[in-house]
Amino acid sequence: MIKLSRRSFLNGLAGTTAAAALMSVPNVPALGAVSKVTSIIAKPGTTGLFGADGNMTDVWAYGGEVPGPVLRVKQGETLKVDLQNELPQKTTIHWHGLRIKNEMDGVPFLTQKPVGIGQRFTYDFNIQDAGTYWYHPHVNTSEQVGRGLHGALIVEEQDPVQVDREVVWVLDDWRIQKDGAIAPFGGLHDAAHAGRYGNVVTINGKTGTPFKVRSGERIRLRLINAANARIFGLEFEGHEPWRIAIDGHPVTPAKTGTGPIVIAPGGRIDLVIDMTAKAGETFKIRDRYHNRFAYTLALIAYSDQKPIRSKPLEAPKKMAANPVPFPQLGSAERHEMIFQGGAMGGLRGATYKGKEMGLRELARMGMVWAVNGEVIPPIEEDDIGKPMVSLKKGSSHILRWRNDTAFAHPIHMHGHSFHLISRNGTKLFAPLIMDTVLIAPKEYVDVAFVADNPGDWALHCHILEHAKSGMMGFVRVG
Ligand code: C2O
Ligand code: CU
């Protein structure tokens with residue numbers, strides 16, 4: 001078997017000329033123009049989360065490294081990935097946020113058979129949306145993602161925002177024991193509360209790496225939250241980042257202001273940061289989503305070099321929108337999904353597989369969340385269960401997602417990007433295109449979309465311990 005090193009892999013993805021030539025029409029990617037072909041081995045590995053002198057940690061990882069290789073393609077290209085499973089259990093790859101054909105979506109039983117130990121599966125799909133995406137398994141997801149299986153997938157715009165340099169940060173959160181090993185998975189406490197929070201937060205699989213910058217430069221920072229459960233609220237001391245994209249989709253660039261930049265599990269945010277301070281200075285990047293537990297995630301360290309420009313740059317320009325259809329709101333069908341349960345959620349009982357059950361009884365089976373009074377059974381080989389809703393292909397829909405629990409939930413839908421149109425009944429000034437929306441306790445949101453991608457599509461909370469314990473179902477389009 002040929003194993004590509006990270007370097008040859010990246011080289012393999014460079015030099016994509018034909019696609020650029022074909023993609024001169026803004027907004028309309030030339031479908032299937034070029035193929036990027038690569039292979040990924042999911043396998044055990046060992047990594048130093050704490051640098052070379054710290055304890056080593058055994059992980060499961062793509063290519064044995066955390067995070068996995070950055071996959072880079074251009075909008076409109078076809079990506080072909082040959083997955084080889086050398087893990088001690090079955091797996092799949094899901095391409096988070098990409099609107100691709102159903103059989104490539106990587107959800108076991110719903111879209112494909114899980115890839116057995118020692119087996120391979122070839123993913124092959126066309127990519128229509130530019131932006132920041134990521135890939136991860138969808139089998140035993142809490143443990144597989146939690147042990148390090150995830151990587152960034154960057155789809156380059158035809159006309160990207162102009163910057164001096166681009167940086168990708170995969171944020172992760174690990175629960176590490178004193179000996180450096182990953183703590184065991186499972187347990188109802190994580191499932192019924194905020195999920196598996198860890199005690200070690202990493203950027204690209206490392207702690208303590210300074211963010212080295214040069215005075216005057218403009219950087220595009222792509223943030224991906226690959227943590228099982230941790231919600232980040234980042235603050236860049238001394239700097240005023242622009243938010244230019246959410247979940248891969250361009251927004252009108254706006255300064256993020258004084259509040260923290262919130263990024264929930266599964267979510268992505270692209271920033272443009274002007275490094276306006278002086279040579280030699282340092283600043284903190286802090287995560288203060290949980291104010292009482294605020295900590296310094298990394299230091300911004302300015303080099304001693306003189307500034308690369310004397311005058312500040314103008315505001316970054318807005319990038320072209322991806323071709324996501326906007327639904328017909330007037331005639332859209334409405335559906336409500338009320339998320340219930342969990343600790344302190346006040347839910348007494350729910351229906352599970354047709355039987356009325358108390359919360360205790362459900363908890364004994366590992367189920368602690370419900371939707372509209374029903375606990376969604378796990379999707380299994382011989383029984384995928386019933387869709388939460390069935391939608392006619394091409395029709396417009398508004399889903400109201402109501403969080404009737406004591407915890408925040410990032411709700412993610414596969415196969416489609418939706419337009420967040422309102423929160424708690426208040427219309428957004430401009431709808432946001434997203435695939436994962438964080439809903440605060442007692443909050444409700446309306447998301448609208450055209451059900452244009454046929455198939456069965458997972459819909460779940462991206463706190464992976466929640467998804468496992470009742471917060472994962474699917475919608476059927478066809
Ligand atoms: Cu990022 Cu269904 O997952
Ligand atoms: Cu949740």
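Student: Before I look at the metal site, what are donors here?
Tutor: Donors are N, O and S atoms within 2.8 Å of the metal (3.2 Å for Na, K and Ca), and water is not among the atoms, so sites may look incomplete. This is a predicted model, where local features need pLDDT of at least 70, side-chain atom pairs count only at pLDDT 80 or more, and totals for chains, interfaces and linings use all residues. Residues are numbered from 1 along each chain as written, chains are lettered from A and ligands numbered from 1 in written order, and side-chain values use heavy atoms, leaving out hydrogens and water.

Student: Got it. How are the donor residues of the copper ion (ligand 2) spaced in sequence?
Tutor: The spacing is H-x51-C-x4-H.

Student: And which protein atoms are they?
Tutor: They are ND1 of His409, SG of Cys461 and ND1 of His466, at 2.0 to 2.1 Å from the copper ion.

Student: Is Cys461 buried or exposed?
Tutor: Buried, because its relative accessible area is 0%; the cut-offs are under 20% for buried, over 50% for exposed and partly exposed in between, with a 1.4 Å probe and protein chains only. His466 is also at 0% and counts as buried.

Student: Switching topic, what about strand 27?
Tutor: Strand 27 covers residues 409–413, and five of its five residues are buried. Strands are DSSP runs of E, at least two residues, numbered from the N terminus. His409, Ile411 and Met413 are on one side, with Pro410 and His412 on the other.

Student: Which strand does Ile411 reach by a bridge?
Tutor: Strand 32, where its bridge partner is Cys461. Strands 27 and 32 run antiparallel, joined by three bridges; two strands pair if DSSP finds at least two bridges between them.

Terms used. Helices (H or I, at least four residues) and strands (E, at least two) are DSSP runs, numbered from the N terminus.
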